[in-house]
Amino acid sequence: MASGGTVLDPGQLRRARFALAAVFCVHGAVAGSFATRIPWISDHTGVSAGQLGLALAFPAIGASLAMPLAGAISHRLGARTALRWLLALWTLALTLPALAPNLLGLCAALFVYGATSGTSDVVMNAVGVEVENRMERSILSGLHGMWSVGALVGSAGGTLAAHLDTDARIHHALAAAVLTVLGLLACRGVLDVRSAPDEEPPPHFAIPPRSAVVIGAIGFCAVFAEGASLDWSAVYLRDVLGTSPGLAAASTTAFALTMAVARLAGDRIVDRFGPVRTVRTGGVVATAGGLLVVLASQPATALTGFALIGLGVAIVVPIAFAAAGRSGPRPAQAIAGVATITYTSSLIAPSAIGGIADLTSLVTSFGLVTALAFGLVLGAGVLRSAGRGPTAGGGAKPSPADATTDVPAGEPRG
């Protein structure tokens, strides 16, 4: 039931789903626009690979610290209003990293960038869970697919801007203006989930149950590979293989493309093959992609490798959230625990890649990515214990009471 006790008919739910899909797309476009210009920002601020890795940890730090506030904001304002403001702050925050003059400024800019990303991410995923519950069929993988479509569009624009040698400050200012307007328009149709007047505000923190820790390990591996590839693929092609800025940026586009395709098809794939087989096969594909990246002597080989990594890890996080939601009597707490673990992975990945690169090389860094991708093959069986059912994860849906504004379920990158 919607706010105020109104029952929504199928047409209204579809329109709410389409509006939310547009929100996911806008959110992803910001991430894609930023990722393709990381080499420009690195050169502009004069930071080393290790310093860049340190700076790229700050979006996850900001997100992890700000996410607990999102539930309280949504509880107070309602999901639609909260999302409207938080999404606008996120799109406008795109302008900040390119304006940073040095490492300290870049870290501060990326902290704000991550905080606005994480809070808007929490609310839009919570609304997605509510819409899925009311439609009584899986839509989360498709919504995450629209995030990847947005990342693809944003990265394509960034690739063109890099090819034209456009100043990232100009590029990001224009992109932020367009995406802010589109986001505000999309939020008008979002389902306005509201808490009951006498309902207590959601807890800021939840201790992850043991089941969430085990399932979260799968999400950790996938998000690490995703974050490393999204943030470092362009730098890898430029520094390791000596490609042009335009071709280097295209690696992010290839990664986002395969992520989008896999996520858009993800609901049907998991319904047909089940979560264990899907994740295990994805792990094989991602491992093969990592090996291609590590062994690449030509840009085309590395581009193929990054594309395969994206294909392999694309729907692991939606599956992990679905598995967590059916792993115990308190779905919200379990999903929050998995979200915390995945954000920890996104926190560790950029700095780990940069630190290893400083000590050894970027090639060695992506050897670690390959090893974690193989972890999906070894660990996929933990998803079997969560049961089977009609959702994308193959299990029963969490109830609306357990999966509304208090669930910090996000993709780190979608």
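Guide: A contact means heavy atoms within 4.5 Å. In this predicted model, among contacts between residues at least 6 apart in sequence, 86% join residues at least 24 apart.

Visitor: How many helices and strands does the protein have?
Guide: The protein has 16 helices and zero strands. Of its 414 residues, 59% count as buried, and the accessible surface comes to about 15500 Å², with 66% of that area belonging to carbon and sulfur atoms.

Visitor: What makes up the largest nonpolar core, and which residues have the most contacts inside it?
Guide: The largest nonpolar core has 112 residues, and Val23 and Phe366 are those with the most contacts inside it. Helix α10, residues 210-241, gives the most to this core, with 16 residues. Leaving aside neighbours within four places in sequence, Phe366 is in contact with Ala228, Ser229, Trp232, Tyr236, Val293, Val294, Phe306 and Ile353.

Visitor: Why is phenylalanine 111 called partly exposed?
Guide: The class lies between the limits of 20% and 50% relative accessible area. Phenylalanine 111 has a value of 31%, and therefore it is partly exposed. This residue is in helix α7.

Visitor: Why is the pair of arginine 263 and glutamate 226 called a salt bridge?
Guide: The cut-off is 4 Å between a side-chain nitrogen of Lys or Arg and a carboxyl oxygen of Asp or Glu. The closest N and O atoms of arginine 263 and glutamate 226 are 3.6 Å apart, so the pair qualifies.

Visitor: How many salt bridges does the structure hold, and which residues are linked in a network of them?
Guide: The structure holds four salt bridges. Asp43, Arg238 and Asp239 are linked in a network. Within it, the side chains of aspartate 239 and arginine 238 meet at 2.8 Å, N to O. Aspartate 239 has a relative accessibility of 46% and counts as partly exposed; arginine 238, at 21%, also counts as partly exposed.

Visitor: How do you know that arginine 169 and aspartate 167 form a salt bridge?
Guide: Their closest N and O atoms are 2.6 Å apart, which is within the 4 Å cut-off, and the pair therefore qualifies. Arginine 169 is partly exposed at 36% relative accessibility, and aspartate 167 is partly exposed at 22%.

Visitor: Why is aspartate 165 called exposed, and what is its phi?
Guide: Exposed requires over 50% relative accessible area, and aspartate 165 has 65%, so it is exposed. Its place is in the loop between α8 (140-163) and α9 (168-187). The phi of aspartate 165 is near 60°, a positive value in a residue other than glycine. Most residues other than glycine have a negative phi.

Visitor: Why is arginine 15 called exposed?
Guide: Arginine 15 has a relative accessible area of 53%, which is over the 50% limit, and it is therefore exposed. Arginine 15 lies in helix α1 (residues 10-35). Arginine 15 and valine 190 are 175 residues apart in sequence and 8.3 Å apart in space, C-alpha to C-alpha.

Visitor: Where is valine 382, and which residues does it touch?
Guide: Valine 382 is in the segment after α16 (362-379). Not counting residues up to four places away in sequence, valine 382 touches Val214 and Ile218.

Visitor: What is the average pLDDT of the protein, and where does pLDDT stay under 50?
Guide: The average is 81, and 84% of the residues score at least 70. The pLDDT stays under 50 over residues 1-5, for which the model has eight contacts beyond four places in sequence. Over residues 387-414 the pLDDT is also below 50, and this stretch has 100 contacts in the model beyond near neighbours in sequence. Where pLDDT is low, the predicted coordinates should not be read in detail.

Definitions and conventions
Residues numbered from 1 in each chain as written. Predicted model: local features only at pLDDT ≥ 70, side-chain atom pairs only at ≥ 80, totals over all residues. Heavy atoms only, no water. Core = buried A, V, L, I, M, F, W, Y, C linked by side-chain atoms within 4.5 Å. Buried < 20%, exposed > 50% of the residue type's maximum accessible area, 1.4 Å probe, protein only. Helix = DSSP H or I, 4+ residues; strand = E, 2+ residues; numbered from the N terminus. Areas by Shrake-Rupley, 256 points an atom, 1.4 Å probe, with all protein chains shown as cover. pLDDT = per-residue confidence, 0-100.
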